[in-house]
Amino acid sequence: MKTLYDKLRTAQIDEQLINAFQNDSDIVYTGVIQFLSDKDFIMLTYNDYGIQDGEVYLKLSSVKSVETDSYDLANMEDRIEFDEKHHLNSQPAFDLPIKMSDSLFDRVIQTLHDESKVGLIITEEAGKLKYNEGLISEIHEDGMTFTNINKFDFSKRPVFNIQFDDIRGIEFGGTELQLLQNVLDMVKPENHIVNTIISDPTAFRDVVTKFRNSGDWLVIDTNDDRKYFYVGKIISSNHNELVMMVVDMNGRFGGYVWIRYDDIARLITDSDYLRVIDKFVAENKRNKHFALSVLNSDRAFDNADNILINIITQSIQYQKVIRFETADEENFAGYPTAINLDTGVLTVELLDVDDDGELPTQQIGIENIREMAFDYFKAFLTENEID
(Lines give C-alpha, C1' and ligand atoms only; values in the text may rest on other atoms or scores of the structure.)
Protein backbone atom coordinates (compact mmCIF):
# COMPACT_ATOMS: atom_id res chain seq x y z
CA MET A 1 0.00 0.00 0.00
CA LYS A 2 1.40 3.36 -1.01
CA THR A 3 2.26 5.84 1.71
CA LEU A 4 1.10 9.43 1.49
CA TYR A 5 4.59 10.47 0.44
CA ASP A 6 4.66 7.82 -2.31
CA LYS A 7 1.34 9.07 -3.71
CA LEU A 8 2.58 12.66 -3.67
CA ARG A 9 5.88 11.69 -5.30
CA THR A 10 4.10 9.82 -8.10
CA ALA A 11 1.74 12.77 -8.60
CA GLN A 12 4.70 15.16 -8.76
CA ILE A 13 6.58 13.06 -11.32
CA ASP A 14 3.47 12.63 -13.49
CA GLU A 15 2.43 16.29 -12.98
CA GLN A 16 -0.96 15.06 -11.84
CA LEU A 17 -3.70 17.32 -10.56
CA ILE A 18 -4.54 16.34 -6.97
CA ASN A 19 -6.98 17.10 -4.18
CA ALA A 20 -5.32 17.42 -0.76
CA PHE A 21 -7.73 16.84 2.14
CA GLN A 22 -6.69 18.27 5.50
CA ASN A 23 -7.14 16.99 9.01
CA ASP A 24 -9.66 19.00 11.04
CA SER A 25 -10.88 21.06 8.08
CA ASP A 26 -13.35 20.86 5.20
CA ILE A 27 -11.09 23.03 2.99
CA VAL A 28 -9.63 21.04 0.10
CA TYR A 29 -6.63 22.25 -1.91
CA THR A 30 -6.59 21.39 -5.61
CA GLY A 31 -3.38 21.77 -7.55
CA VAL A 32 -0.08 20.43 -8.84
CA ILE A 33 2.89 19.60 -6.60
CA GLN A 34 5.79 21.96 -7.15
CA PHE A 35 8.22 20.89 -4.40
CA LEU A 36 8.19 17.82 -2.12
CA SER A 37 10.21 16.54 0.82
CA ASP A 38 9.65 13.68 3.25
CA LYS A 39 8.04 16.15 5.70
CA ASP A 40 6.12 18.67 3.59
CA PHE A 41 5.27 19.94 0.12
CA ILE A 42 4.32 23.04 -1.87
CA MET A 43 1.64 22.98 -4.53
CA LEU A 44 0.38 25.45 -7.11
CA THR A 45 -3.33 25.77 -6.36
CA TYR A 46 -6.41 26.32 -8.52
CA ASN A 47 -9.63 28.01 -7.44
CA ASP A 48 -13.09 26.49 -7.94
CA TYR A 49 -13.21 27.84 -11.49
CA GLY A 50 -9.99 26.21 -12.69
CA ILE A 51 -7.90 29.38 -12.53
CA GLN A 52 -4.43 29.05 -11.00
CA ASP A 53 -4.35 31.23 -7.89
CA GLY A 54 -1.38 31.17 -5.55
CA GLU A 55 0.43 28.41 -3.72
CA VAL A 56 0.12 26.51 -0.46
CA TYR A 57 2.71 24.92 1.80
CA LEU A 58 1.43 21.91 3.77
CA LYS A 59 3.03 19.56 6.26
CA LEU A 60 2.43 15.90 5.47
CA SER A 61 1.21 15.45 9.05
CA SER A 62 -1.64 17.90 8.38
CA VAL A 63 -2.94 16.02 5.33
CA LYS A 64 -5.61 13.37 5.83
CA SER A 65 -5.59 11.99 2.30
CA VAL A 66 -4.72 12.74 -1.33
CA GLU A 67 -6.96 12.13 -4.31
CA THR A 68 -5.46 11.72 -7.79
CA ASP A 69 -8.40 10.41 -9.80
CA SER A 70 -12.03 11.39 -9.36
CA TYR A 71 -15.04 12.86 -11.12
CA ASP A 72 -14.35 16.22 -9.46
CA LEU A 73 -10.73 16.26 -10.67
CA ALA A 74 -11.82 15.36 -14.20
CA ASN A 75 -14.23 18.32 -14.13
CA MET A 76 -11.47 20.57 -12.82
CA GLU A 77 -9.13 19.48 -15.61
CA ASP A 78 -11.80 20.46 -18.14
CA ARG A 79 -12.12 23.90 -16.50
CA ILE A 80 -8.35 24.40 -16.45
CA GLU A 81 -8.10 23.44 -20.14
CA PHE A 82 -10.92 25.87 -20.99
CA ASP A 83 -9.36 28.69 -18.96
CA GLU A 84 -5.95 28.21 -20.51
CA LYS A 85 -7.43 28.09 -24.01
CA HIS A 86 -9.17 31.44 -23.37
CA HIS A 87 -6.14 32.95 -21.57
CA LEU A 88 -8.08 33.44 -18.32
CA ASN A 89 -5.11 32.75 -16.04
CA SER A 90 -3.67 36.19 -15.31
CA GLN A 91 -2.15 35.72 -11.85
CA PRO A 92 1.67 36.04 -11.85
CA ALA A 93 3.56 33.27 -10.07
CA PHE A 94 5.05 33.90 -6.63
CA ASP A 95 8.84 34.14 -6.83
CA LEU A 96 10.07 31.51 -4.38
CA PRO A 97 13.76 30.71 -4.93
CA ILE A 98 14.30 27.15 -3.68
CA LYS A 99 17.43 24.99 -3.87
CA MET A 100 17.41 21.22 -3.56
CA SER A 101 19.14 21.49 -0.18
CA ASP A 102 16.63 23.97 1.25
CA SER A 103 14.09 23.20 3.95
CA LEU A 104 10.76 24.05 2.29
CA PHE A 105 9.35 25.40 5.56
CA ASP A 106 12.38 27.60 6.25
CA ARG A 107 12.39 28.94 2.70
CA VAL A 108 8.70 29.92 2.74
CA ILE A 109 8.97 31.57 6.18
CA GLN A 110 12.22 33.37 5.31
CA THR A 111 10.92 34.66 1.95
CA LEU A 112 7.67 35.99 3.44
CA HIS A 113 9.67 37.71 6.20
CA ASP A 114 12.51 39.12 4.11
CA GLU A 115 10.23 40.47 1.38
CA SER A 116 7.49 41.61 3.82
CA LYS A 117 4.90 39.58 1.91
CA VAL A 118 1.39 38.98 3.21
CA GLY A 119 0.73 35.31 3.89
CA LEU A 120 -2.03 33.25 5.46
CA ILE A 121 -0.80 31.10 8.34
CA ILE A 122 -2.80 27.98 9.21
CA THR A 123 -2.45 26.82 12.81
CA GLU A 124 -4.22 24.25 14.95
CA GLU A 125 -5.96 25.20 18.18
CA ALA A 126 -8.07 22.75 20.17
CA GLY A 127 -8.46 20.40 17.22
CA LYS A 128 -9.58 23.11 14.81
CA LEU A 129 -7.63 24.99 12.15
CA LYS A 130 -7.28 28.76 12.47
CA TYR A 131 -6.42 31.10 9.60
CA ASN A 132 -4.56 34.41 10.05
CA GLU A 133 -3.61 36.85 7.27
CA GLY A 134 -0.70 39.14 7.87
CA LEU A 135 3.05 39.70 8.05
CA ILE A 136 5.88 37.82 9.73
CA SER A 137 7.47 40.50 11.93
CA GLU A 138 10.32 38.46 13.42
CA ILE A 139 11.73 34.95 13.14
CA HIS A 140 12.89 33.14 16.28
CA GLU A 141 14.57 29.78 16.81
CA ASP A 142 11.33 27.88 17.37
CA GLY A 143 8.67 30.33 16.20
CA MET A 144 7.85 33.75 14.85
CA THR A 145 6.17 37.02 15.72
CA PHE A 146 3.16 37.64 13.50
CA THR A 147 1.23 40.85 12.81
CA ASN A 148 -2.37 40.11 11.87
CA ILE A 149 -3.90 42.31 9.14
CA ASN A 150 -7.68 42.71 9.46
CA LYS A 151 -9.24 44.14 6.31
CA PHE A 152 -12.70 44.17 7.93
CA ASP A 153 -11.64 46.21 10.95
CA PHE A 154 -8.46 48.28 10.66
CA SER A 155 -8.44 48.92 14.43
CA LYS A 156 -7.67 45.26 15.09
CA ARG A 157 -3.98 44.67 14.44
CA PRO A 158 -2.87 42.11 17.04
CA VAL A 159 0.77 41.02 17.25
CA PHE A 160 1.37 37.55 18.66
CA ASN A 161 3.83 34.68 18.64
CA ILE A 162 3.29 31.47 16.67
CA GLN A 163 5.26 28.31 17.40
CA PHE A 164 6.58 26.56 14.31
CA ASP A 165 5.25 23.22 15.61
CA ASP A 166 1.70 24.69 15.63
CA ILE A 167 1.79 25.64 11.93
CA ARG A 168 -0.06 23.23 9.64
CA GLY A 169 0.15 25.16 6.39
CA ILE A 170 0.81 28.52 4.72
CA GLU A 171 -0.98 30.09 1.77
CA PHE A 172 0.99 32.64 -0.25
CA GLY A 173 1.03 34.39 -3.61
CA GLY A 174 -2.74 34.26 -4.19
CA THR A 175 -4.73 37.09 -5.75
CA GLU A 176 -6.35 38.34 -2.55
CA LEU A 177 -3.07 38.23 -0.61
CA GLN A 178 -1.21 40.17 -3.31
CA LEU A 179 -3.98 42.78 -3.51
CA LEU A 180 -3.94 43.14 0.27
CA GLN A 181 -0.18 43.63 0.06
CA ASN A 182 -0.75 46.70 -2.08
CA VAL A 183 -3.13 48.41 0.37
CA LEU A 184 -1.13 47.91 3.57
CA ASP A 185 -0.57 51.66 3.86
CA MET A 186 -4.34 52.11 4.19
CA VAL A 187 -5.09 49.13 6.44
CA LYS A 188 -3.91 50.77 9.67
CA PRO A 189 -5.63 51.48 13.00
CA GLU A 190 -5.50 55.25 12.45
CA ASN A 191 -7.57 54.84 9.27
CA HIS A 192 -10.35 52.83 10.93
CA ILE A 193 -13.92 54.05 10.53
CA VAL A 194 -17.08 52.88 12.25
CA ASN A 195 -19.46 50.99 9.95
CA THR A 196 -22.39 53.01 8.64
CA ILE A 197 -25.32 50.58 8.94
CA ILE A 198 -28.90 51.04 7.73
CA SER A 199 -31.21 48.50 9.39
CA ASP A 200 -34.55 50.31 9.12
CA PRO A 201 -36.49 48.58 6.30
CA THR A 202 -38.44 51.77 5.56
CA ALA A 203 -35.14 53.44 4.57
CA PHE A 204 -33.89 50.71 2.21
CA ARG A 205 -35.54 52.03 -0.95
CA ASP A 206 -34.24 55.57 -0.55
CA VAL A 207 -30.72 54.37 0.23
CA VAL A 208 -30.72 51.97 -2.73
CA THR A 209 -31.92 54.74 -5.07
CA LYS A 210 -29.19 57.05 -3.77
CA PHE A 211 -26.50 54.42 -4.32
CA ARG A 212 -27.88 53.50 -7.74
CA ASN A 213 -27.37 57.12 -8.76
CA SER A 214 -23.96 57.55 -7.11
CA GLY A 215 -22.44 54.22 -8.16
CA ASP A 216 -20.81 53.78 -4.74
CA TRP A 217 -20.10 50.38 -3.18
CA LEU A 218 -22.26 48.92 -0.44
CA VAL A 219 -22.88 45.66 1.42
CA ILE A 220 -26.22 43.84 1.52
CA ASP A 221 -26.82 41.45 4.41
CA THR A 222 -29.80 39.14 3.94
CA ASN A 223 -32.24 38.23 6.71
CA ASP A 224 -31.41 34.52 7.02
CA ASP A 225 -28.64 32.51 8.65
CA ARG A 226 -26.21 32.27 5.73
CA LYS A 227 -22.56 33.18 6.33
CA TYR A 228 -21.95 35.28 3.21
CA PHE A 229 -23.05 38.75 2.14
CA TYR A 230 -23.15 40.68 -1.12
CA VAL A 231 -20.72 43.49 -2.00
CA GLY A 232 -21.31 45.54 -5.11
CA LYS A 233 -23.04 48.41 -6.88
CA ILE A 234 -26.76 48.93 -7.40
CA ILE A 235 -27.36 49.14 -11.13
CA SER A 236 -31.17 48.89 -11.25
CA SER A 237 -34.04 49.26 -8.80
CA ASN A 238 -37.72 50.07 -8.39
CA HIS A 239 -40.16 50.09 -5.49
CA ASN A 240 -39.97 46.33 -4.84
CA GLU A 241 -36.68 44.98 -6.15
CA LEU A 242 -33.10 45.72 -7.13
CA VAL A 243 -30.20 44.35 -9.16
CA MET A 244 -26.66 44.51 -7.82
CA MET A 245 -23.45 43.98 -9.79
CA VAL A 246 -21.49 41.82 -7.36
CA VAL A 247 -17.75 41.72 -6.76
CA ASP A 248 -15.90 38.86 -5.08
CA MET A 249 -13.35 39.05 -2.26
CA ASN A 250 -10.65 39.83 -4.83
CA GLY A 251 -12.52 42.90 -6.06
CA ARG A 252 -13.38 41.20 -9.35
CA PHE A 253 -16.67 40.90 -11.17
CA GLY A 254 -18.78 38.10 -9.70
CA GLY A 255 -22.01 38.34 -11.69
CA TYR A 256 -25.35 39.88 -10.76
CA VAL A 257 -27.91 39.32 -8.05
CA TRP A 258 -31.60 40.27 -8.04
CA ILE A 259 -33.09 40.81 -4.58
CA ARG A 260 -36.44 41.77 -3.08
CA TYR A 261 -36.33 44.45 -0.39
CA ASP A 262 -37.98 42.11 2.10
CA ASP A 263 -34.93 39.80 1.75
CA ILE A 264 -32.64 42.48 3.21
CA ALA A 265 -31.65 42.61 6.88
CA ARG A 266 -29.34 45.61 6.64
CA LEU A 267 -27.26 47.75 4.32
CA ILE A 268 -23.68 48.77 5.11
CA THR A 269 -22.89 51.94 3.22
CA ASP A 270 -19.40 52.71 4.54
CA SER A 271 -16.81 50.53 6.28
CA ASP A 272 -13.15 49.61 6.34
CA TYR A 273 -13.88 46.62 4.09
CA LEU A 274 -15.72 48.68 1.48
CA ARG A 275 -12.70 50.97 1.24
CA VAL A 276 -10.45 47.94 0.73
CA ILE A 277 -12.76 46.60 -2.00
CA ASP A 278 -12.75 50.01 -3.71
CA LYS A 279 -8.94 49.85 -3.88
CA PHE A 280 -8.99 46.23 -5.08
CA VAL A 281 -11.43 47.07 -7.88
CA ALA A 282 -9.44 50.13 -8.95
CA GLU A 283 -6.23 48.10 -9.23
CA ASN A 284 -7.98 45.28 -11.10
CA LYS A 285 -9.47 47.72 -13.58
CA ARG A 286 -6.11 49.43 -14.02
CA ASN A 287 -4.50 46.04 -14.80
CA LYS A 288 -7.49 44.92 -16.91
CA HIS A 289 -8.21 42.06 -14.47
CA PHE A 290 -11.62 43.22 -13.25
CA ALA A 291 -13.74 40.87 -15.38
CA LEU A 292 -12.92 37.67 -17.22
CA SER A 293 -13.09 38.24 -20.96
CA VAL A 294 -15.94 35.74 -21.38
CA LEU A 295 -18.25 37.58 -18.93
CA ASN A 296 -20.42 40.67 -19.44
CA SER A 297 -19.75 43.12 -16.61
CA ASP A 298 -21.51 45.96 -18.47
CA ARG A 299 -24.99 44.47 -18.72
CA ALA A 300 -27.73 47.11 -18.66
CA PHE A 301 -31.02 46.83 -16.77
CA ASP A 302 -33.87 49.32 -16.78
CA ASN A 303 -35.85 50.34 -13.71
CA ALA A 304 -39.17 49.01 -14.99
CA ASP A 305 -41.99 47.79 -12.78
CA ASN A 306 -41.00 44.13 -13.04
CA ILE A 307 -37.26 43.52 -13.31
CA LEU A 308 -37.78 39.92 -12.17
CA ILE A 309 -39.92 39.02 -15.20
CA ASN A 310 -37.42 40.67 -17.58
CA ILE A 311 -34.49 38.68 -16.16
CA ILE A 312 -36.40 35.39 -16.29
CA THR A 313 -37.68 36.04 -19.82
CA GLN A 314 -34.16 36.76 -21.09
CA SER A 315 -32.85 33.70 -19.30
CA ILE A 316 -35.43 31.52 -21.05
CA GLN A 317 -34.67 33.11 -24.41
CA TYR A 318 -30.88 32.74 -24.16
CA GLN A 319 -30.77 29.53 -22.05
CA LYS A 320 -28.97 31.07 -19.07
CA VAL A 321 -28.47 29.50 -15.65
CA ILE A 322 -29.97 31.18 -12.58
CA ARG A 323 -29.35 30.28 -8.94
CA PHE A 324 -32.58 30.74 -6.96
CA GLU A 325 -33.17 31.39 -3.28
CA THR A 326 -36.80 30.96 -2.24
CA ALA A 327 -38.81 32.30 0.70
CA ASP A 328 -38.57 28.92 2.45
CA GLU A 329 -34.75 29.13 2.12
CA GLU A 330 -34.49 26.50 -0.58
CA ASN A 331 -31.47 27.04 -2.81
CA PHE A 332 -31.07 25.52 -6.29
CA ALA A 333 -29.71 26.34 -9.75
CA GLY A 334 -31.12 25.59 -13.17
CA TYR A 335 -32.36 26.74 -16.54
CA PRO A 336 -35.72 28.54 -16.52
CA THR A 337 -37.68 26.99 -19.40
CA ALA A 338 -41.18 28.49 -19.20
CA ILE A 339 -43.19 31.02 -17.26
CA ASN A 340 -46.97 31.29 -17.03
CA LEU A 341 -47.71 34.97 -16.50
CA ASP A 342 -51.36 34.23 -15.69
CA THR A 343 -50.56 31.88 -12.80
CA GLY A 344 -47.12 33.26 -11.95
CA VAL A 345 -45.59 29.77 -12.09
CA LEU A 346 -42.03 29.33 -13.34
CA THR A 347 -40.65 25.99 -14.59
CA VAL A 348 -36.93 25.36 -14.00
CA GLU A 349 -34.81 22.54 -15.41
CA LEU A 350 -32.61 21.67 -12.44
CA LEU A 351 -28.86 21.11 -12.35
CA ASP A 352 -27.28 18.38 -10.20
CA VAL A 353 -30.36 16.15 -10.00
CA ASP A 354 -29.81 13.14 -7.72
CA ASP A 355 -30.72 9.61 -8.80
CA ASP A 356 -33.03 9.02 -5.84
CA GLY A 357 -36.25 9.91 -7.61
CA GLU A 358 -35.79 13.68 -7.59
CA LEU A 359 -37.66 15.29 -10.49
CA PRO A 360 -35.49 16.93 -13.19
CA THR A 361 -37.71 20.03 -13.19
CA GLN A 362 -39.23 22.20 -10.49
CA GLN A 363 -42.12 24.63 -10.54
CA ILE A 364 -42.07 27.67 -8.29
CA GLY A 365 -44.32 30.66 -7.87
CA ILE A 366 -42.49 33.86 -8.75
CA GLU A 367 -43.81 35.48 -5.57
CA ASN A 368 -41.80 32.84 -3.66
CA ILE A 369 -38.47 33.89 -5.22
CA ARG A 370 -36.41 36.11 -2.93
CA GLU A 371 -33.07 36.09 -4.77
CA MET A 372 -31.64 35.24 -8.18
CA ALA A 373 -27.92 35.12 -9.04
CA PHE A 374 -26.84 34.97 -12.68
CA ASP A 375 -24.05 35.73 -15.19
CA TYR A 376 -21.37 34.56 -12.75
CA PHE A 377 -18.45 32.46 -13.99
CA LYS A 378 -19.62 29.07 -12.66
CA ALA A 379 -22.93 29.62 -14.47
CA PHE A 380 -21.01 30.45 -17.66
CA LEU A 381 -19.01 27.22 -17.36
CA THR A 382 -22.22 25.22 -16.92
CA GLU A 383 -23.86 26.93 -19.91
CA ASN A 384 -20.85 26.01 -22.01
CA GLU A 385 -20.81 22.42 -20.70
CA ILE A 386 -17.46 22.86 -18.95
CA ASP A 387 -18.79 22.03 -15.48
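Asp 375 is placed in the loop between strand 21 (369-374) and helix 8 (377-383); helices (H or I, at least four residues) and strands (E, at least two) are DSSP runs, numbered from the N terminus. The structure is a predicted model, in which local features need pLDDT of at least 70 and side-chain atom pairs count only at pLDDT 80 or more, while totals for chains, interfaces and linings use all residues. Residues are numbered from 1 along each chain as its sequence is written, and side-chain values use heavy atoms, with hydrogens and water left out.

Most residues other than glycine have a negative phi. Asp 375 has a positive phi, near 60°. With a relative accessibility of 12%, Asp 375 counts as buried (buried means under 20% relative accessible area, exposed over 50%, partly exposed in between; 1.4 Å probe, protein chains only). A positive phi, near 55°, is also found at Glu 385, in the segment after helix 8. Glu 385 is exposed, its relative accessible area being 72%.

Strand 18 (residues 331-340) and strand 19 (residues 345-350) pair in the antiparallel sense over six bridges; two strands are taken to pair if DSSP finds at least two bridges between them. Within this pairing, Ala 338 has Thr 347 of strand 19 as its bridge partner. Four residues lie between the strands of this hairpin, in which Gly 344 takes a positive phi near 70°. Strand 19 is also joined, by five bridges, to strand 20 (residues 361-365), and the two run antiparallel. Here Leu 346 stands opposite Ile 364 of strand 20.

Ten salt bridges are found in a search of the whole structure, a salt bridge being a side-chain nitrogen of Lys or Arg within 4 Å of a carboxyl oxygen of Asp or Glu. One of them joins the side chains of Lys 151 and Glu 176 (2.9 Å, N to O). Lys 151 lies in the loop between strand 8 (143-148) and strand 9 (159-163) and Glu 176 in helix 4 (residues 175-181), so the contact ties together parts that are 25 residues apart in sequence. Lys 151 is buried, at a relative accessible area of 10%, and Glu 176 counts as buried at 8% relative accessibility. Together with Glu 133, Lys 151 and Glu 176 are linked in a network of salt bridges.

A salt bridge also connects the side chains of Asp 221 and Arg 266 (2.8 Å, N to O). This pair links distant parts of the chain, with Asp 221 in strand 12 (residues 218-222) and Arg 266 in strand 16 (residues 264-270), 45 residues apart. Asp 221 counts as buried at 16% relative accessibility, whereas Arg 266 is partly exposed at 29% relative accessible area. Between Asp 224 and Arg 370, the closest N and O atoms of the salt bridge are 3.2 Å apart. Asp 224 lies in the loop between strand 12 and strand 13 (230-237) and Arg 370 in strand 21, so this pair ties together parts that are 146 residues apart in sequence. Both Asp 224 and Arg 370 are buried.

Glu 15 is located in the loop between helix 1 (4-13) and strand 1 (17-22). The residue is exposed, with a relative accessible area of 63%. Glu 15 and Gly 31, 16 residues apart in sequence, are 9.7 Å apart in space, C-alpha to C-alpha.
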